[in-house]
Every structure is written in C-alpha cells, then in structure tokens.
Amino acid sequence: MGYSKHANYWLNPIIKIIGPVPGVAWVTISLVLAPSNHFAALVVIASTTWFPLSVNLAGGIRSVSRASIERAQTLGASNWYIIRHVVYPAAAPSIFTGLFMAFCFSLTSLVTAEMMGVKGGLGWRITWAQSYMAYDIIYTIAIAFIIMAFILITILFVVQRHTMSWSKEVVQW
C-alpha cells in the first residue's frame with residue numbers, strides 16, 4: 001500500500017472501514033462462520049493484529065523521501081535494491097512500532113480467543129479457575145502471562161536493536 005498506488009487504491013478503503021473495529025467485536029462473527037473454535041480464535045487474533053501492522057507499514061513506506069528513491073534510480077539501482085537499501089531502512093522504525101502494537105494487541109486478543117471455547121491456553125485456564133473460585137491459580141496465571149509478555153517484548157526489542165543498529169540514538173523504546 002505504501003509503495004503501490006494501485007494497492008493503496010483498493011486496500012485503503014477496507015482498512016478505513018474494517019480496521020478500527022476491535023478484535024473482540026469479531027468474536028461472534030468468527031464463532032458463527034469459522035468451522036472450529038481454534039480457527040475462530042485465529043481469526044480473532046489475526047483481525048486484531050493486521051490493522052496496526054498494515055497502517056504502520058504503509059505509513060512508514062509512504063514517509064520515505066521520494067528524492068532518496070529517485071537518487072537510487074538515477075544511479076541504476078533495481079527495484080529490489082531500492083526496497084532493501086532505501087525503503088526498508090527509512091520505514092524500519094514504523095515497521096517495528098507496528099510490530100510492537102500488533103504484539104500487544106495480539107496478547108489481549110489471545111486471552112479473549114482462548115476464552116471462546118478453545119480447550120487450552122492461559123485464557124482457558126483462567127476461565128476454568130474462575131469457575132472453581134481458585135483465585136491462587138488465577139493470580140499465578142496472571143503473573144505467568146506478565147512474565148511471558150515481558151520476555152517476548154524484550155526479544156522484539158533485541159531484534160529491533162540488532163536490525164536497526166544504525167539508529168541507536170534515533171529510536172529508543
């Protein structure tokens with residue numbers, strides 16, 4: 001969308017209409033239309049994560065200076081080279097911001113999706129423990145979820161620092 005006017009023409013209205021709908025709102029629709037609870041849970045998680053990813057990716061690519069792309073074309077760079085060495089480094093901060101947002105939203109929708117009838121996972125275990133009033137298990141699961149989220153976000157930051165080593169002073173989370 002950020003690199004192609006045709007893709008932006010067709011996909012931008014879909015993103016503007018469907019994108020802002022919260023992922024939890026898709027629970028009922030996915031349960032009715034999906035063939036299984038597992039697939040419905042995947043639909044809920046995917047519907048929550050695609051919006052911040054696509055918006056940040058397209059916005060990051062659109063923010064690349066047209067002059068930088070034209071300079072590379074003047075020097076004889078191929079489209080693949082321009083995408084890899086001009087567009088990607090300029091759009092990388094937006095890409096990682098989108099990944100961070102999508103990851104955080106996916107964790108929220110993961111618990112919701114697991115409470116939809118999937119027989120496994122932390123959300124299902126919280127529902128099970130709640131039905132037996134086992135609050136110690138609920139607190140333990142909450143702490144485990146916090147630790148898991150912290151570890152995964154830390155991994156994302158390490159990948160971001162490694163991938164964007166050229167911008168240590170520019171982008172800091």
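In this predicted model, Glu-70 and Arg-66 are joined by a salt bridge whose closest N and O atoms stand 3.7 Å apart. The structure contains one such bridge. Both partners belong to helix H4, which covers residues 66–74, and the four positions between them amount to about one turn of the helix. An α-helix has 3.6 residues a turn, so residues three or four places apart point the same way.

The table lists how accessible the two partners are.

| Residue | Relative accessible area | Class |
|---|---|---|
| Glu-70 | 41% | partly exposed |
| Arg-66 | 49% | partly exposed |

Both ends of helix H4 can also be described. After the helix comes Gly-76, which has a positive phi near 90°.

The description now turns to the whole protein. The protein has seven helices and zero strands, so that its elements, read from the N terminus, follow the order α-α-α-α-α-α-α. The radius of gyration is 20 Å, whereas a compact globule of 173 residues would have a value near 16 Å. Along the principal axes, the C-alpha atoms occupy a box of roughly 70 × 35 × 20 Å.

Of the 173 residues, 31% are buried. Among contacts with a separation of 6 or more, 64% link residues 24 or more positions apart. The accessible surface amounts to about 11000 Å², and carbon and sulfur atoms contribute 70% of that area.

Terms used. Residues are numbered from 1 along each chain as its sequence is written. This is a predicted model: local features need pLDDT of at least 70, side-chain atom pairs count only at pLDDT 80 or more; totals for chains, interfaces and linings use all residues. Side-chain values use heavy atoms; hydrogens and water are left out. A salt bridge is a side-chain nitrogen of Lys or Arg within 4 Å of a carboxyl oxygen of Asp or Glu. Helices (H or I, at least four residues) and strands (E, at least two) are DSSP runs, numbered from the N terminus. Buried means under 20% relative accessible area, exposed over 50%, partly exposed in between (1.4 Å probe, protein chains only). The radius of gyration is taken over C-alpha atoms; the globule rule is 2.2 Å times the number of residues to the power 0.38. Contact means heavy atoms within 4.5 Å. Accessible areas come from the Shrake-Rupley method with a 1.4 Å probe; for residues, only the protein chains shown count as cover.
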